[in-house]
Amino acid sequence: MESMIALWENRDRWEENSNMHALLLTIIKNKSLHILEHRQVRLRAEEDINSHSQRELDLRISTLKACEPEQIFDTEIQHIVRKALETMPQQSRTIFMLSRYQNLPNRQIAEQLNISLKTVESHITKALRILRLKLKDYLVSILL
């Protein structure tokens, strides 16, 4: 129908001996080509968008698969412990590190630092209290 209208609207350009069927078929062909080319451009754009969306989705999936919550928590917890150790008095920090990082018994720590066993226990208790406060939000995940 559009082709017939286009043929009629351009009637002033017809020559007297024009082949109407050929003109109409040419108009139909050109309009059809225009529609198909437009559809082709649209499909290519949709494919590009879908391809981009697929790459983004693949990236999100691989990122989530690579994510290890335990490792993230471990790193965070280690950072908090380091910061907490920095805020402790020197004596408490030294005793705690000897006890927990070097696995020395309290008696050996007391002998090495030339202090009483009760003082060692008191400093370890103080250090643990500080750590408990700093790690209160992580205690459940630490226990699990």
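The expected span of a helix is 1.5 Å times one less than its number of residues. Keep that rule at hand for this tour of a predicted model.

**First stop: α6.** Select residues 117-134, which make up helix α6. This helix has 18 residues and reaches 26 Å from its first C-alpha to its last, close to the 26 Å expected at 1.5 Å a residue. Now show the side chains of V120, H123, I124, A127 and L131, which are buried. Look down the axis of α6: its buried residues fall within an arc of 100 degrees, so they line one face of the helix. For the other side of α6, colour K118 and L133, which are exposed.

An α-helix has 3.6 residues a turn, so residues three or four places apart point the same way.

**Second stop: α1.** Move to residues 2-9, helix α1. Which residues of α1 are buried? Select S3, A6 and L7 to see them. They cover an arc of only 100 degrees around the axis, which puts them on the same side of α1. Turn to the other side of α1 and you will find E2, W8 and E9 exposed.

**Last stop: S3.** Zoom in on S3, within helix α1. Is S3 buried or exposed? Its relative accessibility is 9%, so S3 counts as buried, the cut-off being under 20%. To see its surroundings, select L24, I27, I28 and K31: these are the residues in contact with S3, leaving aside its neighbours within four places in sequence.

Methods
Residues are numbered from 1 along each chain as its sequence is written. This is a predicted model: local features need pLDDT of at least 70, side-chain atom pairs count only at pLDDT 80 or more; totals for chains, interfaces and linings use all residues. Side-chain values use heavy atoms; hydrogens and water are left out. Helices (H or I, at least four residues) and strands (E, at least two) are DSSP runs, numbered from the N terminus. Buried means under 20% relative accessible area, exposed over 50%, partly exposed in between (1.4 Å probe, protein chains only). Contact means heavy atoms within 4.5 Å. The arc is that of the directions from the helix axis to the C-beta atoms.
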